[in-house]
Amino acid sequence: MLIQVVGINHKTAPLKIRAQVGLTPDQIVEAYHRVHELVGQQGIVILSTCNRTEIYVAGNVSYSAIVDWWGHIAGVERREFSDALFWYADTKVFDHLFRVAAGLDSMVLGETQILGQVKEAYELSQKYGATGFLHRLFRAALTVGKRAHAETAISHNALSMGHAVVELGRKVFGDLSRTHAVVIGAGEMGTLVARHLSSAQVGNLTIVNRTPERGQLLAEEIHGSYVPLNQLMRVLPTADIIVSSTHASNFLVTKQMMKEAIKGKGERLRFLFDLSVPRNLDPDIVRLGSGIFLYDIDDVNAVVEANLHQRQKEAVKVEKIIQEEIETLSSDIAASEVGPVIRQLREKAESIRINELNKALNRLSHLSDADKQVVAETTRLILNKFLNDAMVGMRAWATDKDKEEYIEAVRELFHLDGTTENTRTPKTEHVLQPER
């Protein structure tokens, strides 16, 4: 059974092309209603996210047929995206999907969201009865993803500045629900930091921005409050965490401003993060007391880089899990291919035994029931002993690279029907690596 994947992701194509051929939820439903157009397919699962669209297919279907079918569903000419596609078959598909499920193939190494997306894609295919021979593959992929996150630290530690701010804040304050965070700037970086702080359930979150429109919009999104930049001093006295990310060319918080803000507050801890270039927070602020800590963009970047290095070390452990699961899946699939022909041979032999036994017993009517039972048991034992070596040998074929040829030889030798529901489908031609 040929299993292949044709896809596009953040490594092979820019966002513009990914957006063109990415399938919307409605288009995916349409695709499942049109799987009959892929003649020869015996299972299909479609995974489509903002960073990737991948079509997994089991059966004797050509690369060209899959790409053309995809283009028709997406409404895009093949020539507009075919150069950006990747293609894998057989165990390379296992390796790729397992890496995707474990977060090794994501833009952010070890991210966990993709595992849920793989699960949703699998379940949607099941809903429309399209999964077919891909059931075992996707169940194994979910196992890999769960093992990766449970048995390694691949998803631990922050890999973004916003997340790093939260991580550092938690190390100091523990429960952030009792803290007041002030984010100065509602641009891209300020927005990301604010969202991370909001997700971390900071008790009080204030957005400070020069233009009210953007500041108020962000404050509403993260359920915080908005303060104009010219009223920054209103919130500094109660701020435990201060993050600045603007394009201002001067200090927005000076040493004097901070001195006034902490007056009478003793040695209360204050964590300040200056993510701006040039700096927005006066470096001399740290001289105001031992409870004040100031990190610049290089400090936060260093934390992110250290975390990335740690995740890369954990990725080695995940790779080992992937190889273990590839071996298990390959063995299971191989055994499932040998199993049906073993059953067929035994069933045919048993059918012949029963037919011939009944003929013989009809001619031996003088035998008692006990004698007939002895004859029947003797024929059964002879058959089992005769087939035993053959069965053991065929089971050993499961991991043999030539097993398909051996299986076909047994079918031909014993005239076994290869089309019954208990047998595998007729042998298919292997699709070669497509030319681009």
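Me: Which residues of α3 are buried?
Reply: This is a predicted model, where local features need pLDDT of at least 70, side-chain atom pairs count only at pLDDT 80 or more, and totals for chains, interfaces and linings use all residues. Residues are numbered from 1 along each chain as its sequence is written, and side-chain values use heavy atoms, with hydrogens and water left out. Buried means under 20% relative accessible area, exposed over 50%, and partly exposed in between, with a 1.4 Å probe and protein chains only. By that cut-off, the buried residues of α3 are Tyr63, Ile66, Val67, Trp69, Trp70, Gly71, Ile73 and Ala74.

Me: How far apart are the end C-alpha atoms of helix α3?
Reply: Helices (H or I, at least four residues) and strands (E, at least two) are DSSP runs, numbered from the N terminus. The expected span of a helix is 1.5 Å times one less than its number of residues. Helix α3 (residues 63–74) has 12 residues and should therefore span 16 Å, which agrees with the distance between its end C-alpha atoms, 17 Å.

Me: Which residue just after α3 takes a positive phi?
Reply: The phi angle there is about 75°. The residue that takes it, just after α3, is Gly75.

Me: How many of the residues of β1 are buried?
Reply: From β1, Ile3, Val5, Gly7 and Asn9 point one way, and Gln4, Val6 and Ile8 the other way. In a regular strand the side chains alternate between the two faces of the sheet. Both sets in β1 are buried. The strand is largely enclosed by the rest of the structure, because the buried count is 7 of the 7.

Me: Which residue in β3 is the bridge partner of Val6?
Reply: Two strands pair if DSSP finds at least two bridges between them. β1 and β3 are joined by 7 bridges and run antiparallel. In β3, the partner of Val6 is Ile55.

Me: What is the length of the polar contact between the side chains of His96 and Glu54?
Reply: His96 is found in helix α4 (residues 91–102), and counts as buried at 7% relative accessibility. A polar contact is a pair of N or O atoms within 3.5 Å; within protein, one must be able to donate a hydrogen and the other to accept it, and residues adjacent in sequence count only if both atoms are side-chain atoms. Between the side chains of His96 and Glu54 the polar contact is 3.0 Å.
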